[in-house]
Amino acid sequence: MKNNGILRGIGKYMKIDNLPEVFTAALPVLKKINESGYEAYFVGGSVRDLLLKRHIHDVDIATSAYPAEIKQIFEKTIDTGIKHGTVTVLYGGESYEITTFRTESGYQDFRRPDHVTFVQNLSEDLKRRDFTINALAMNVDGNIVDHFDGLGDLDKRLIRAVGKAENRFHEDALRMMRAVRFMSQLQFTLEPETEQAISDNHELLSKISVERIRDEFVKMGIAPGSQKAFQIFLDTGLSEEVPGFKGKKENLALYPQLNFSPTTEANLWALMIILLKLPNEKIAHFMRIWKNSNAMERQVADIVSFFDLISSRAPNNYDLYKAGLRTIVSTIDLANILGQPINGRALVDRYEALPIKDSHDLVVDGHFLLKNGIPAGPRVGLLLEEIKKAVLEGIVSNNEEAITEYIALNN
Ligand code: ATP
Ligand code: MG
């Protein structure tokens, strides 16, 4: 990398020398496009993350070639979003999204462009991107293209809209959530004009589908800078526009004071439910208005109920058995986040030492009880549960003989 490595004192131009493997693996793809007479660049998040030395999960490629031309250049392609200019190319065991340079216009509904127009130059394409740090491109030689001082903002650790922030949020209101999401993930600050534009336009977020807001909200919540990002989410009024948070600023104001960010989606939701002081019967509704899956809803309800339990009394072995390891571990994390540390190691050790971890571990089942003279009916299930408790508390050993004796004594 020129300029002594990091982004200090860099000018408008910069060249990266030692590209990581994710990029070098993709270089032949760019070269093939170049050889056919078209421009091709790495763009967006991967270039940003390269400069920040962050992990890069995938590289996006932008090109002056039309989708049909890309399909001619490469043998294996998938029509991912031809209308928007995106073709997926399979090359060297990897897949690459290649998108034709384009501009967008219209945005009558504050969320998606009415028209996508393919253009011939990169600079038009970079203009439509949300933030300066996301509007960087890099060619095959490692030269960085920076039209909006994204490099300067990376150096200053700023999230700044490309162009006039107000207009950009009018075009696509989701960008306001993306701003706080990137703040959290990158631990950047929000440039004041961009922040002001969010404050002035936060109501537009109501035009965006809950699913898309949720995805950004979760990314914000489980990233290391979530406390500061959440403060902006509250201060700008964005929180008033999302499901279940309206009028709840006071409850949510605790979030920025937390010691850590949650690291899992389930714990983020559990935390929200606890901060909002939602009673048990409202949890399902809250999870559903955020369009969460049933599996997520169950997982979160389990964590919240185990958290309530350990907040009120010491859990017995049957409680630990019913909660299961995943819920126990999540709840220990949650208690830590909330500054109510519990002896997590002790709980996990106790769980590990349980004689049974699920009902298959019990040597007897319903058939066994029926064979041993228990009449068919609800009593069978209840008795099985009683036996489990007795085994878990060490009152009876997990073997047929001991259990048969226990049944005889207790029936
Ligand atoms: P991540 O690491 O989360 O994938 P990313 O920057 O790659 O971050 P994506 O959502 O994958 O984010 O989008 C890729 C690029 O497309 C962005 O870097 C940005 O240039 C552009 N982009 C994505 N969404 C928008 C949007 N709503 N408005 C404008 N540009 C966008
Ligand atoms: Mg991406």
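Author: Happy to! A salt bridge here is a side-chain nitrogen of Lys or Arg within 4 Å of a carboxyl oxygen of Asp or Glu. This is a predicted model, where local features need pLDDT of at least 70, side-chain atom pairs count only at pLDDT 80 or more, and totals for chains, interfaces and linings use all residues. Side-chain values use heavy atoms, leaving out hydrogens and water, and residues are numbered from 1 along each chain as its sequence is written.

Across the whole structure, a search finds 24 salt bridges. One of them pairs Glu-124 with Lys-127, with 3.0 Å between the closest N and O atoms. Both residues sit in helix 5 (residues 122-127), 3 residues apart, or about one turn of the helix; helices are DSSP runs of H or I, at least four residues, and strands are runs of E, at least two, numbered from the N terminus. Glu-124 is partly exposed at 27% relative accessibility, and Lys-127 is partly exposed at 44% (buried means under 20% relative accessible area, exposed over 50%, partly exposed in between, with a 1.4 Å probe and protein chains only).

Next, Arg-178 bridges to Asp-130, the closest N and O atoms being 2.6 Å apart. This pair links distant parts of the chain, 48 residues apart: Arg-178 belongs to helix 8 (residues 174-186), while Asp-130 lies in the loop between helix 5 and strand 9 (136-138). Arg-178 is partly exposed at 22%, whereas Asp-130 is buried at 7%.

Finally, Arg-379 and Glu-386 form a salt bridge at 3.4 Å between the closest N and O atoms. Elsewhere, Arg-102, Glu-104, Asp-125, Arg-128 and Arg-129 are joined into one network by salt bridges that share partners.

Methods:
Chains lettered and ligands numbered in written order.
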